[in-house]
Amino acid sequence: MNSKTADRIATVVLVVIAAVIVSILVGLFAYILFNGLRYVSFDFLTSPSSNVRAGGGVRDQLFNSLYILVITMIISLPLGIGGGIFMAEYARPGKVTDIIRSCIEVLSSLPSIVIGMFGLLMFVNLTGWGYTILGGALALTVFNLPVLVRVSEDAIRTVPRELKEGSLALGITHWHTIKTVILPSAFPSILTGAILASGRVFGEAAALLFTAGLSTPRLNYLDWNPFSDRSPLNIFRPAETLAVHIWSVNTQGLIPDIEQVSNGASAVLILAVLIFNLLARWIGTLIHKKITATK
Amino acid sequence: MHEKHLPCFRKGVIFGMEEKTIPAKQRLLKSGKTGLGNEFRGKILVTLCAIIMIAVTISITIFLGVKGLQSFIKNGISLTEFLTSTDWNPTDKANPKFGVLPFIFGSFAVTFLSALVSAPLGIGAAIFMTEIAPSWGKKVIQPVIELLVGIPSVVYGFIGLTVLVPFIRDHIGGLGFSLLAGTVVLSIMILPTITSIATDAMSSLPKNLREGSYALGATRWQTIRKVLIPAALPTLLTAVILGMARAFGEALAVQMVIGNVKVIPSSLLDAAATLTTIITLNMGHTTYGSVENNTLWSMGLILLIMSFIFIILIRYVSSRRKM
Amino acid sequence: MNTLTTTILDVKNLEFFYGEKRAVNGISMQMEKNSITALIGPSGCGKSTFLRTVNRMNDLIPGARAEGEILYEGINLLSDDINVVALRKEIGMVFQKPNPFPKSIYDNITHALKYNRIRRKAELDQIVEESLTKAALWEEVKDRLHKSALSLSGGQQQRLCIARTIAMKPTVMLLDEPSSALDPISNAKVEELILDLKNDYTIIIVTHNMSQASRISDKTAFFFSGDLIEYDVTEKIFTAPSNQKTEEYISGRFG
């Protein structure tokens, strides 16, 4: 076989590969949305779930997913940005910095089930809290932190040196320069990264199985007191999220309409991920326009 | 010149030559001091954040390590039996057996098989984006990859359960719940990882590599095969290893389609189990502190150790490229 | 304001190292108050390094260190005991590439003022107007103070950078090739501005442009490979230099 034929065959193969990948995605999305969207009604989103009967909705699970996301971000964003600031502005080349980088590398490659087990050990058993939203959020923070640190560090490093030097040359301290010049400049990129990270957190299940648990107590949505037992805002209660619900419904197999519920819940999850993705992209383009337009 | 009396003598800061009533020593020396307290506080704050990273990593290693060793230390299970026996029957009151080899086998099997499938696909996609259609390839495939990453693993598992498993059962054979199902699901899941790193690898190759090869009259495929891929090999290998690490640690998606039986599968169509799936299934209904529970933690420790091994492997591969 | 020739900066045997590499070799010179000193020389001769040592900007570079003394009002600026933040208020710097903050024109100037606890609007307004006037920019921007600084032209941005340094009321201003990134017309405007500023500030300017140096400076220092080859009254340097190398550089035979 001469080289020209080989070249042509190779090209065809590569195009086919690309096409296959695209069609896998399209197929997956089409399947989920087509099958699932018809079950996603207002009723579905606002009815409580059922463990044994048909017709359950995902109200509590949806709320739990959102709430855990918020709590996770509240904890992990400051830590992540702080870590990013350290790595970009204060870390000096040397052993300590290398150790921190290795730790970030280790944390980001841990399987989420292992993180879940750690969460079970620390935030469920050792602390004696049992299954809680806080426990789940802390486990998800471990999951989220390396990403946020990397995103923040990259964003801060991209800020042009001249900006930093200009501020320092005016007699302003390093820290104040970071707060008032560097961070605001890096903020859009950090935001984009955080939104993408949110998408991953929203769909995470393995880390929550043994930390936030598989059940939700009966909630009174009118009770806004975070210390009350029936309040949805109480972070010391167990909370099954949307993703976990899909798993448990399929593994426990008790309700008769497993497929409907799972399909509907999957559709909701996918839509949420899509929205997060699009939001991040949109903000990214917005910033890009803003920066290039004013020059 | 027009100097008003501005309230700027606070904290030893002065403006202007006219107001130089504060001697230079006080203005400029640290002992004279200005608002450096803030600077110190800020630095401490972010250093703390960085240290938390180290603290978390260390505590994960220690806690999971100690807990994972309980089955050997406290319950007296033999390490060799644990790792090499294929008998898994922890609930047998008379003669409990704790061999996890089937699960280790399952984990490695799905990992290697899915890497086998995804590596050519992922690298092929990367080559497509950088060599075949450099102008529009990325714009089409990149978002596709990003969206594939975004799909939660439970959804993959669910689709595998409702579409793939029946398909295998009806058209290929066996129960449907099989090594094959697990492999297919994992292959799709690790595809984005492999593709994005492979794309980085291919696009960071210097241009003159290609130009030199074309100048010698090579076809595009010859260039790719003989020049580009060898040049990018370390990073491509890293991509595949990272994909494998991801596959090894995946739990829920695999658990929903693989069947979860405790014997070593003899064919692709047989059901199997992996370390992650057994943990997922059994952690919930074993009592904390019991022997069976402790063995699950030991399996978790194996997962942790494998993570470290993958990282070491990647570092080794990356360092070889520097030669 | 008394005598015309008071030494404001006294550099004694300054040496500068990037790690092991010595970039500045034992420079000694004195700068007088309210004078404009130009530093000229080919690329890499150490003039920018020297300039950035005066306001300790080189502290940012890991592995860099300076030896010797730079005396300012009797204090050695290179000592470890110096509060560099306070130092940089008195010795300001304008960079080669205009680097306004991505904020409004107004906020660019008040950024440092607010850091120094000046908060009252009346005061801020006044200082903004003063600084922009001194920088010959007020008339052009007074109606759009709250527009982004990035909407200004290159020359205007540079004058804005000069204005915000002026707002700190420094004693000395260090200019690192301030107009090399600008078009000729903006260049001329900036030069005119610098000549004006001499009345209130002592200026040290690094420049690649020899005609610029001969136009605006009182004294000129010629650097080469980290050495100070010649330092004298500008007219003398450009018409009758004592050193052979100086003469060769001036006549364009190298650099």
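How many of the 255 residues in chain C are buried, as a percentage? Buried residues make up 46% of them. The model shown in these views is predicted.

**View 1. Chain C as a whole.** Chain C holds ten helices and ten strands. Its radius of gyration is 18 Å, close to the 18 Å that the globule rule gives for 255 residues, so chain C is as compact as a globular protein of that length. Along the principal axes, the C-alpha atoms of chain C fill a box of roughly 55 × 40 × 40 Å. Take the contacts in chain C with a separation of 6 or more: residues 24 or more positions apart account for 67% of them.

**View 2. An open sheet of four strands in chain C.** The order of the strands is β2-β1-β4-β5 (chain C), and the pairing is antiparallel. Strands β2 and β5 (75-76) of chain C are the edges, each pairing on one side only. Strand β1 (residues 7-18) of chain C meets strand β4 (residues 64-72) of chain C in the antiparallel sense, over eight bridges. Within β4(C), Ile70(C) is the residue opposite Val11(C). Helix α1 (residues 47-54) of chain C packs on this sheet and touches β1, β2 and β4 of chain C. The direction of this helix makes about 65° with that of β2(C).

View 3. β9(C) is mostly covered, with six of its six residues buried. In a regular strand, side chains alternate between the two faces of the sheet. Here Lys219(C), Ala221(C) and Phe223(C) point one way from β9(C). Thr220(C), Phe222(C) and Phe224(C) point the other way. Which strand runs parallel to β9(C), joined by four bridges? That strand is β3(C). Thr37(C) has Lys219(C) in β9(C) as its bridge partner. β9(C) also pairs with β10(C), in the antiparallel sense and over six bridges. In that pairing, Phe222(C) stands opposite Glu230(C) in β10(C).

**View 4. The hairpin turn at Ser225(C).** β9(C) and β10(C) form a hairpin with two residues between them. Most residues other than glycine have a negative phi.

View 5. Asn34(C) is not a glycine, yet its phi is positive, near 55°. Asn34(C) lies in the loop between β2 (21-32) and β3 (36-40) of chain C. With 19 other C-beta atoms within 10 Å, Asn34(C) is partly exposed.

**View 6. The contact between chain A and chain B.** Chain A brings 64 residues to the contact and chain B brings 64 residues. On the side of chain A that touches chain B, helix α1 (residues 3-37) of chain A gives the most, with 17 residues. The residues on that side of chain A divide into 45 nonpolar, 15 polar and four charged.

**View 7. An annotated span of chain A.** An unreviewed UniProt entry places the feature "domain: ABC transmembrane type-1" at residues 62-280 of chain A. This span is 74% helix and 0% strand. Its end C-alpha atoms lie 21 Å apart.

Definitions and conventions. Residues are numbered from 1 along each chain as its sequence is written. Chains are lettered from A and ligands numbered from 1 in the order in which they are written. This is a predicted model: local features need pLDDT of at least 70, side-chain atom pairs count only at pLDDT 80 or more; totals for chains, interfaces and linings use all residues. UniProt positions are given in the numbering used here, feature names are shortened, and annotations may be inferred rather than shown by experiment. A residue is buried if 20 or more other C-beta atoms lie within 10 Å of its own, exposed if 12 or fewer, and partly exposed in between; C-beta atoms are placed from the backbone. Two residues are in contact if their C-beta atoms, placed from the backbone, lie within 7 Å. Ala, Val, Leu, Ile, Met, Phe, Trp, Tyr, Cys and Pro count as nonpolar, Asp, Glu, Lys and Arg as charged, and the others, Gly among them, as polar. The radius of gyration is taken over C-alpha atoms; the globule rule is 2.2 Å times the number of residues to the power 0.38. Two strands pair if DSSP finds at least two bridges between them. Axes are lines fitted to C-alpha atoms, for helices over the stretch in contact, and angles run from 0 to 180 degrees between N-to-C directions.
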